Each structure stands twice: as C-alpha cells, then as structure tokens.
Amino acid sequence: MKETSVGDHKRLLLIDDDPNLILLVKDYLEFRGYEVITAENGREALEVLERDIPDMIICDVMMPEMDGYSLVKHVREDARTSWIPVLFLSAKGQSQDRVKGLNTGADVYMVKPFEPEELVAQVESSLKQASRLIQHQNKGGEAGPKIQVPFDVELTPTELRVVQYVARGMANREIAEELNVSQRTIESHVSNMLGKTGLHNRTELARWAIENSMA
C-alpha cells in the first residue's frame, strides 16, 4: 500500500542525465505519494516548464545541453516559475560547490550519494516552507494595507528583473553579480523604481512586486 504524506497531490520535476538515478528516485518519491515528471537535462526541463508548473524541482548540477546552474537562472528569472523551490543533487560536495549552488538560486544542496529518506525529508521541508510563504503572501491584507502605487507605473525589462531579485531578498551587490553590472547601476535602477512608484524603501518595493505577482 502506498504511504501517505505531504506528497499527496504534489508534483515534482526530477532532472538528471543518469537514467538509473531517475528510476530509483522516481520510484521512491512516487511510493511516498508524489507525482513525478522527469527530464534528462536543463533544456528539456525548460520545455516541460513551458507547459507544466511543478510544486518543486529536483535537479542534477552537471548535465549535458544545459547544466543545473543555467536552468535555475532561467527558473528564477521567469515570474511564472521564480517561486518554485529547487533542490540540487550533485556529486561535488566541497563547501565552495555548495555555496555556488545556493548562491545561484537553489534552496537545498544535497551531495550524491544520499539516503532516500533524507531526500524525502528535504523535499517535504521545502514544500512546507513554500506553502507557508504563499499563505503569508495571501494574508498580506491582514498584515497591513496593500501597497498603493500609481496605476500607470511601467517598468523597463531590466527594472522588472531587478525587482524580482529584490523580492527574493537579494542585496544590491548580489543582484549586480547576477546581472554582471556594477552595484551602482543596480542602486540606480532601485532608485528609479522608488521614484516611479512613490514607495519609500526596498521592503515596500518587494511587497509591491509580490502582491502584483511580479516575483
């Protein structure tokens, strides 16, 4: 009999170029109540994401066609997918590898080989955290009035990318590194957006972006 857990009705996208790992992990997660869709590399995963939005992504780092780092950048830059929790699986376990993975945008970094029970625990923890965040955002009206800005505010494509990173809690320095520009350029974009919206600080800017589904 299939075990019941937080996995019921949750859809996971599993990406790895090792068919044996795909089979093992898919079977284990499905046994725990998850629905699992698979892809062999980052490029194939992007095609899946065009037509299907999963509740979580589990992704190998080193893959042909498109690696995990590039995939996560695409995921985080797309407002449709930027909220999805991402768990990296990697054979590289040095601290600098973990730091790079987390800084790239992954929420969890696990080193191969791993215990299946630990993978399930990390998946369930990430899904619960994402659920709490969504509930908190939906209760925004209870925490205070909705952020008010002029109805005709228009952001440039670059400003939109910057505000998405602001909403994820990234500092100007981190955003500058992500976009390969100077920190002063990011500060200028943030300042311009504060001027356009009439908001007072980055926190209000982040709330506005989240409330209007830009992040």
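Select helix 7 (residues 157–167) and helix 10 (residues 202–211) in this predicted model. Their axes lie 8 Å apart and pack at about 105°. That angle makes helix 7 roughly perpendicular to helix 10 (65 to 115 degrees counts as such). Axes are lines fitted to C-alpha atoms over the stretch in contact, with angles from 0 to 180 degrees between N-to-C directions. Helices are DSSP runs of H or I, at least four residues, and strands are E runs of at least two, numbered from the N terminus.

Show side chains next. Helix 7 brings Val-163, Val-166 and Ala-167 to the contact, and helix 10 brings Arg-202, Leu-205, Ala-206, Ala-209 and Ile-210 (heavy atoms within 4.5 Å). These residues divide into 7 nonpolar, no polar and 1 charged.

Local features here need pLDDT of at least 70, side-chain atom pairs need 80 or more, and totals for chains, interfaces and linings use all residues. Numbering runs from 1 along each chain as its sequence is written, and side-chain values use heavy atoms, without hydrogens or water.

Move to helix 8 (residues 172–179) and helix 9 (residues 183–197). Their axes come within 8 Å and cross at roughly 110°. Helix 8 and helix 9 are therefore roughly perpendicular. Pick out Asn-172, Arg-173, Ile-175, Ala-176 and Leu-179 in helix 8; they meet Gln-183, Ile-186, Glu-187 and Val-190 in helix 9. This contact holds 5 nonpolar, 2 polar and 2 charged residues.

Finish at strand 4 (residues 86–90) and strand 5 (residues 108–111). The two pair in the parallel sense over 4 bridges (pairing takes at least two DSSP bridges). Leu-87 has Val-108 of strand 5 as its bridge partner.

Definitions and conventions: Parallel < 35°, antiparallel > 145°, perpendicular 65-115°, else oblique. Nonpolar A, V, L, I, M, F, W, Y, C, P; charged D, E, K, R; others polar.
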